[in-house]
Amino acid sequence: MSTTVKKAELHCHIEGAAPPALVEAQAARYGVDVSGFISNGAYVWSNFTEFLTAYDGAAGLFRSQADYALLARSYLEGIAAQGAIYAEIFVSPDHAVAAGLTPAAYFDGLADGIAAARSSTGIECRMIIVGIRHLGADKVEAAARIAASRPHPLITGFGMAGDERFGKVADFARAFDIARDAGLGITIHAGELCGPESVRDALDHVHPSRLGHGVRAAEDPDLVSRIVDEGVVLELCPGSNLALGLYPDISHHPFDQLRRAGVRVTLNSDDPPHFGSSVGHEYQLVADAWGYDAADLTGFTRTSLEAAFVEEPLRAILL
Ligand code: ADE
Ligand code: ZN
């Protein structure tokens with residue numbers, strides 16, 4: 001994909017962006033065996049639950065502020081080389097605390113990496129704190145309280161990731177109210193592992209401006225109309241969806257169908273080395289599949305910037 005097409009992504013989990021080689025280097029430093037989830041330089045998993053295990057294993061090897069600075073910097077410099085000018089990363093205090101970090105050291109490390117990448121490439125980045133759904137409503141609410149304390153100026157949003165098959169969205173509504181009341185942007189993973197009902201629940205109980213994935217709304221025309229009418233932006237991750245087996249190949253992915261229906265669609269990598277994705281790869285994938293030209297692709301970037309959880313003066317500069 002041409003680097004002259006400016007790109008932006010709104011949906012990348014920072015722990016999921018750790019390349020296997022970096023994780024192996026961390027493992028050697030900390031004396032940890034990663035053969036259970038990395039083999040021949042690649043992550044090994046065969047379903048979503050195993051993916052989460054590999055994800056958690058990799059996350060457990062980032063244990064200091066400097067480790068997270070390195071991870072954020074390498075991810076951002078990598079996508080800047082693909083033409084990205086803006087990114088939002090999902091950050092998970094639960095993973096950081098499990099690895100022995102304080103939330104403050106975690107955010108400071110990520111911010112150090114963001115600052116370093118900004119000064120070497122010009123890329124801008126903001127952080128979205130996520131609660132992890134399968135850890136339960138209390139943990140997600142605790143993550144929301146951390147976010148609502150506005151612990152760092154680069155933290156501008158709150159969301160929920162994790163296993164969508166766990167619990168009911170309504171159980172998590174209070175966490176989102178806490179975050180929204182603190183002025184944070186709101187997004188939620190829905191319509192990835194579960195179908196249209198899950199998306200409807202997310203819209204009804206959480207009122208997000210964006211949906212993480214939301215792709216399976218395509219199975220219900222009335223729901224697609226609602227998403228169009230409400231102007232909800234979809235953080236679509238086609239490469240992730242293919243890797244997880246939601247669709248057999250890109251020709252069966254509803255990206256173009258949703259776009260034609262008037263949905264505001266964006267392109268995102270989700271967990272790049274797990275899914276063989278990257279923001280540049282996602283742009284190339286859809287361009288090859290549906291013949292989009294540079295103006296079409298720039299339009300997706302524009303939608304991302306319009307929907308970004310970023311201060312208005314910077315949005316105006318980026319747009
Ligand atoms: N956490 C990391 N990647 C995820 C995904 N694709 N869905 C839900 N939670 C996630
Ligand atoms: Zn995700």
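This is a predicted model: local features need pLDDT of at least 70, side-chain atom pairs count only at pLDDT 80 or more; totals for chains, interfaces and linings use all residues.
Visitor: Let's start with Glu-192. Why is Glu-192 called buried?

Guide: A residue is buried if 20 or more other C-beta atoms lie within 10 Å of its own. Glu-192 has 24 of them within that distance, so it is buried. You'll find Glu-192 in the loop between strand 7 (185–190) and helix 8. Leaving aside neighbours within four places in sequence, it is in contact with Glu-164, His-213, Val-215 and Arg-216.

Visitor: What makes Glu-192 an "active site" here?

Guide: That label comes from the UniProt annotation, in an unreviewed entry. Such annotations may be inferred rather than shown by experiment.

Visitor: Cys-194 is in that loop between strand 7 and helix 8 too. Why is Cys-194 called partly exposed?

Guide: Buried takes 20 or more C-beta neighbours, exposed takes 12 or fewer, and partly exposed is in between. Cys-194 has 18 other C-beta atoms within 10 Å, so it is partly exposed. Not counting residues up to four places away in sequence, Cys-194 touches Glu-164 and Arg-165. The C-alpha atoms of Cys-194 and Val-215 are separated by 9.8 Å, and the two residues are 21 apart along the chain.

Visitor: Which residues does the "binding site" annotation cover?

Guide: In the unreviewed UniProt entry, it covers His-11, His-13, His-189 and Asp-270.

Visitor: How do you know that they cluster in space?

Guide: They are spread over 260 residues of sequence, yet the largest C-alpha distance is 11.8 Å.

Visitor: And what makes His-13 and His-189 buried?

Guide: The cut-off is 20 or more C-beta neighbours. His-13 has 23 other C-beta atoms within 10 Å, so it is buried. His-189 has 26 inside 10 Å, so it counts as buried as well. His-13 is found in strand 1 (residues 7–13), while His-189 is in strand 7.

Visitor: What do those two histidines touch?

Guide: Residues up to four places away in sequence don't count here. His-13 touches Phe-90, Ala-161, Asp-270 and Asp-271. His-189 is in contact with Met-160, Ala-161, Glu-164, Gly-212 and His-213.

Visitor: Which residues are around ligand 1?

Guide: They are His-13, Gly-16, Tyr-55, Ala-161, Gly-162, His-189, Glu-192, Ser-240, Asp-270 and Asp-271. By class, that shell has two nonpolar, five polar and three charged residues.

Visitor: How do you know that the span of helix 5 agrees with what it should be?

Guide: Helix 5 (residues 103–121) has 19 residues, and at 1.5 Å a residue they should span 27 Å. Its end C-alpha atoms are 27 Å apart, so the two values agree. The buried residues of helix 5 include Tyr-106, Phe-107, Leu-110 and Ile-114. Among the elements that its buried residues pack against are helix 3 (65–80), strand 4 (84–91) and helix 6 (137–148). Just after helix 5, Gly-122 takes a positive phi of about 90°.

Visitor: Which phi does Arg-150 have, and why does Arg-150 count as exposed?

Guide: Arg-150 has a positive phi of about 50° although it is not a glycine. Exposed means 12 or fewer C-beta neighbours, and Arg-150 has 12 inside 10 Å, so it counts as exposed. Arg-150 lies in the loop between helix 6 and strand 6.

Visitor: What about His-213: buried or exposed?

Guide: His-213 has 26 C-beta neighbours inside 10 Å, so it counts as buried. Its place is in strand 8 (residues 210–213). His-213 also has a positive phi, about 75°, although it is not a glycine.

Conventions:
Residues are numbered from 1 along each chain as its sequence is written. Chains are lettered from A and ligands numbered from 1 in the order in which they are written. A residue is near a molecule or strand if its C-beta atom, placed from the backbone, lies within 6 Å of it. Ala, Val, Leu, Ile, Met, Phe, Trp, Tyr, Cys and Pro count as nonpolar, Asp, Glu, Lys and Arg as charged, and the others, Gly among them, as polar. Helices (H or I, at least four residues) and strands (E, at least two) are DSSP runs, numbered from the N terminus. Two residues are in contact if their C-beta atoms, placed from the backbone, lie within 7 Å. The expected span of a helix is 1.5 Å times one less than its number of residues.
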